[in-house]
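Dear colleague,

Please find below the structure I am handing over to you. My notes on it follow directly after.

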Amino acid sequence: MNTISKIDVLLGLQWGDEGKGKVVDVLTPNYDVVARFQGGPNAGHTLEFEGQKYVLRSIPSGIFQGGKVNIIGNGVVLAPDLFMKEAIELEKSGHPLETRLHISKKAHLIMPTHRLLDRAYEAQKGDKKVGTTGKGIGPTYTDKVSRNGLRVGDILSGFQEKYLAHKQQHLKMLATLGWTDFSTLEAEEKVWMEGIAYLRRFQLVDASHEIDSMLKHGKRVLCEGAQGTMLDVDFGSYPFVTSSNTISAGACIGLGVAPNKIGEVYGIMKAYCTRVGSGPFPTELFDETGKKLRDLGHEYGAVTGRERRCGWVDLVQLRYSVMLNGVTQLILMKSDVLDTFDTIKACVGYRLKDGTTTTDFPYEIDDVTPIYQTFEGWKTDLTHLTSSSEFPKAFRDYIAFLSDFLSTPIKIISLGPDRAQTIIL
């Protein structure tokens, strides 16, 4: 038996959409196992290689590398109908899943009535809505923590009875919320049940035992997070957050792995910042610069198609994320989006509403004013570069500043969406 391995964790350090899917795909050749530890089908991990573009919602991004085990962990909430659609599309493109993908029996199922509850809660909030994707993720996690959830393992025995009991409970809740639109429920249920039958084809496992055994046999495991640190239900910009723990500690809970098993923590950041949905965003730009970032960066949701709000990179927020996650290596994405800018800004502090300044991330960020440091733009097309020795001086200076401010080395730089447009430092 080999020395017990560690699990490495890869996650986003901002408000999501940092480019996690591409990085997992790039790193997967170094691992035997890729595991998703939280989130649901609101996450869209985009990968591009060999002229093809893929968007993964629930399936781990290591699925394209043959011979690797991919695990959907207990911290994930799974919609059987959406999972089936995603899996069938991947299989059509020549990527067999049944031998590569394992699913935790302890993962919770998103029911069609969870989606109705999601819409009903958002409608009730009016102007204070969170801006959810309406996919039922919040209500599913609510059922989980209130001990009323339906899990993947439940499909193995007495499932119909369990499903109907949960459905009736949801219908009572919807009645109290005044929800009356059930026009899509029957059709959704039909496809959902087809998804349940499809799920039974896969290896349904106890992921904690499986991962423990793999580590004891020297296998290398990469844990993939969804969304980003600032959407963590405890440490993000609450209440405009997701319903799970997106930080590295969430990998322990979402896979059943002990904290002392965590090795490297890869933190992914964009060279600027984006956010989807409602909530505070200190460096958001409402001018032509913000629009330029959106257009050049193609900042539209991979799953929802929603426009992303754009702004300069926020190093106060990033330093907070590095601290929370214990990041050991930084990965810088989408620097090429800034190629044509004459000057580039980075937020290095906040001015609070009482006039004081801070470099610590505060409890509330609604009324902070960013303090910027300005850098000379590199005015170079980075997308064709193949080595760090080709980097223009202004870009090297920018990288050095980011690494120094965040007290963490930048080890990987992405200069385009394709797998090949990646430079390891």
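Predicted model: local features only at pLDDT ≥ 70, side-chain atom pairs only at ≥ 80, totals over all residues.

Residues are numbered from 1 along each chain as its sequence is written, and side-chain values use heavy atoms, with hydrogens and water left out.

I begin with an annotated position. An unreviewed UniProt entry places the feature "binding site" at Asp 17 and Gly 44; UniProt positions are given in the numbering used here, feature names are shortened, and annotations may be inferred rather than shown by experiment. Asp 17 sits in the loop between β1 (7-12) and α1 (20-27). Helices (H or I, at least four residues) and strands (E, at least two) are DSSP runs, numbered from the N terminus. Asp 17 counts as partly exposed because its relative accessibility is 26%; buried means under 20% relative accessible area, exposed over 50%, and partly exposed in between (1.4 Å probe, protein chains only). Beyond its neighbours within four places in sequence, Asp 17 is in contact (heavy atoms within 4.5 Å) with Lys 270, Thr 274, Val 276 and Arg 308.

Asp 17 also belongs to a network of salt bridges that links Asp 17, Lys 270, Glu 299, Arg 308 and Lys 334. A salt bridge is a side-chain nitrogen of Lys or Arg within 4 Å of a carboxyl oxygen of Asp or Glu, and the count by this rule is 22. Lys 334, in the loop between β14 (329-333) and β15 (343-351), is 35 residues from Glu 299. Glu 299 counts as buried because its relative accessibility is 0%, whereas Lys 334, at 22%, counts as partly exposed.

A further salt bridge joins Glu 188 and Arg 119, with the closest N and O atoms 3.9 Å apart. Glu 188 lies in helix α6 (residues 185-199) and Arg 119 in helix α3 (residues 112-125), so the pair ties together parts that are 69 residues apart in sequence.

Helix α4 (residues 137-145) contains Thr 140, which at 1% relative accessibility counts as buried.

On a 1 Å grid over the protein atoms alone, a cavity is a set of points where a 1.4 Å probe fits but cannot get out, and a pocket is an open set with protein on both sides within 12 Å along at least five of seven lines; lining residues have an atom within 4 Å of a point. Grid points are joined across faces, edges and corners, and a volume is the space filled by probe spheres set on the points. The largest cavity holds about 40 Å³ of space, and α1 gives the most to its lining, with 4 residues.

The second largest pocket has a volume of about 330 Å³. Its lining has 15 residues, of which Gly 236, Ser 237, Tyr 238, Tyr 363 and Glu 364 are the closest to its centre.

With kind regards
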